[in-house]
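Visitor: I have a protein model on the screen and some questions about it. Could you take me through it step by step?

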Amino acid sequence: MNSALLNRLRDLWGTLAPRERQLAAGGAILLGLVLVYLLAWAPLRHEVTRLRTAVPDARAQLTRMRVQAASIPALRGRSATPPAPGMLVSVVEQSANGRGLRKQISHLEPDGSNGVQITAEAIPFNGLIGWLTDLRDNSALVVDNLGLDATSAPGTVNARIRLHVANP
C-alpha cells in the first residue's frame, strides 16, 4: 500500500474514540468473515455438492464405456469381404434391390476405383440406415460422405451418399 495512505489511515484511527475503534474493528472482522464466506466457503460448498452428483454419473459412464470397450476386439475381428474392383456398383445395386430401395435411387455411379456415388430421393430414413449398416457389415463399404435433406413425407429423406471400401 501507499505509505501516504497508510499514514492517513493511522491518523484517522488515532482520531477515533475507543468505542468507535471497537466498532470499526468489529465491522472489519465482520466484513472479513463475510468476504471469506462469499469468496471461499460458499463456492467450495457449491462445488462439493455438484461433485456429489457428477462423480457417480461419471463412474456409471465409465462402467458403460468399459463394457463397450470389451466388445471392440470382437467387432474388429468381424470383417466383411470387400467387393472386387469394378463390382462396387453391382454390389450396391443388388443390396438396394434386396432391401427394396432400388426405386428410390436416382443416381448410382462409380467414384474412383474404390468408391460409389449414390443419390436417393424420398428414401425411408430407417431403411437407409439399415441398408448402409448392411453394406458396412457385409461388403466392407463405409460412408465417406452423407448429405440428407428432409422431404414433405414423414420419415423420408433425400440423400447424397459417397461410399468407399473400408481400409482393412
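**A walk around the sheet**

Guide: A122 is found in strand β2. Keep in mind that this is a predicted model.

Visitor: Is A122 buried, partly exposed or exposed?

Guide: Buried means under 20% relative accessible area, and exposed means over 50%. A122 has 39% relative accessibility, so A122 counts as partly exposed.

Visitor: What is the phi of A122?

Guide: A122 is a residue other than glycine.

Visitor: In what order do the four strands of the open sheet stand?

Guide: Follow the pairs. β1 and β2 pair in the antiparallel sense. Bridges also join β2 to β4, and β3 pairs with β4. The order is β1-β2-β4-β3.

Visitor: Which strands stand at the edges?

Guide: Look for strands with a single partner strand. One side of each is left without a neighbour in the sheet, because each has just that single partner. The edge strands are β1 (105–110) and β3 (141–150).

Visitor: What does the twist average from one strand to the next?

Guide: The sheet has four strands in antiparallel pairing. From one strand to the next, the twist averages 15 degrees.

Visitor: How many bridges pair β3 with β4?

Guide: β4 covers residues 156–165. The pairing of β3 and β4 is antiparallel and runs over nine bridges.

Visitor: How many bridges join β2 to β4?

Guide: G115 has H164 in β4 as its bridge partner. β2 and β4 run antiparallel, and the bridges that join them number eight.

Visitor: Which residue in β2 stands opposite H107?

Guide: β1 and β2 pair over five bridges. In β2, A120 is the bridge partner of I105. Opposite H107 stands T119.

Visitor: Which residue in the turn between β1 and β2 has a positive phi?

Guide: β1 and β2 form a hairpin. Four residues lie between the two strands. In the turn, a positive phi of about 75 degrees belongs to G112.

Visitor: What angle does the direction of helix α4 make with that of β1?

Guide: α4 spans residues 88–99 and packs on the sheet. This helix touches β1, β2 (115–124), β3 and β4. Its direction and that of β1 make an angle of about 155 degrees.

Visitor: And what angle does the direction of helix α5 make with that of β4?

Guide: α5 spans residues 125–139. This helix packs on the sheet too, touching β1, β2, β3 and β4. With the direction of β4, the angle is about 10 degrees.

Visitor: Is α4 parallel, antiparallel, perpendicular or oblique to α5?

Guide: The two helices pack with their axes 10 Å apart, at an angle of about 135 degrees. Roughly perpendicular ends at 115 degrees, and roughly antiparallel needs over 145. That makes α4 oblique to α5.

Visitor: How many residues of the contact of α4 with α5 are nonpolar, polar and charged?

Guide: The α4 side includes V91 and V92, and the α5 side includes W131 and L135. R99 of α4 and D134 of α5 also take part. The contact divides into five nonpolar, four polar and two charged residues.

**Residues worth a look**

Visitor: Is Q104 buried or exposed?

Guide: Q104 lies in the loop between α4 and β1. Beyond its neighbours within four places in sequence, its contacts include T119, A120 and E121. Its relative accessibility is 14%, so Q104 counts as buried.

Visitor: Is A140 buried or exposed?

Guide: A140 lies in the loop between α5 and β3. It is not a glycine, yet it has a positive phi of about 60 degrees. At 10% relative accessibility, A140 counts as buried.

Visitor: How far apart are the C-alpha atoms of T156 and S3?

Guide: T156 is found in strand β4. T156 and S3 are 153 residues apart along the chain. Their C-alpha atoms are separated by 78 Å.

Terms used. Residues numbered from 1 in each chain as written. Predicted model: local features only at pLDDT ≥ 70, side-chain atom pairs only at ≥ 80, totals over all residues. Heavy atoms only, no water. Pairing = 2+ DSSP bridges. Axes fitted to C-alpha atoms, helices over the stretch in contact; angles between N-to-C directions. Contact = heavy atoms within 4.5 Å. Parallel < 35°, antiparallel > 145°, perpendicular 65-115°, else oblique. Nonpolar A, V, L, I, M, F, W, Y, C, P; charged D, E, K, R; others polar. Buried < 20%, exposed > 50% of the residue type's maximum accessible area, 1.4 Å probe, protein only.
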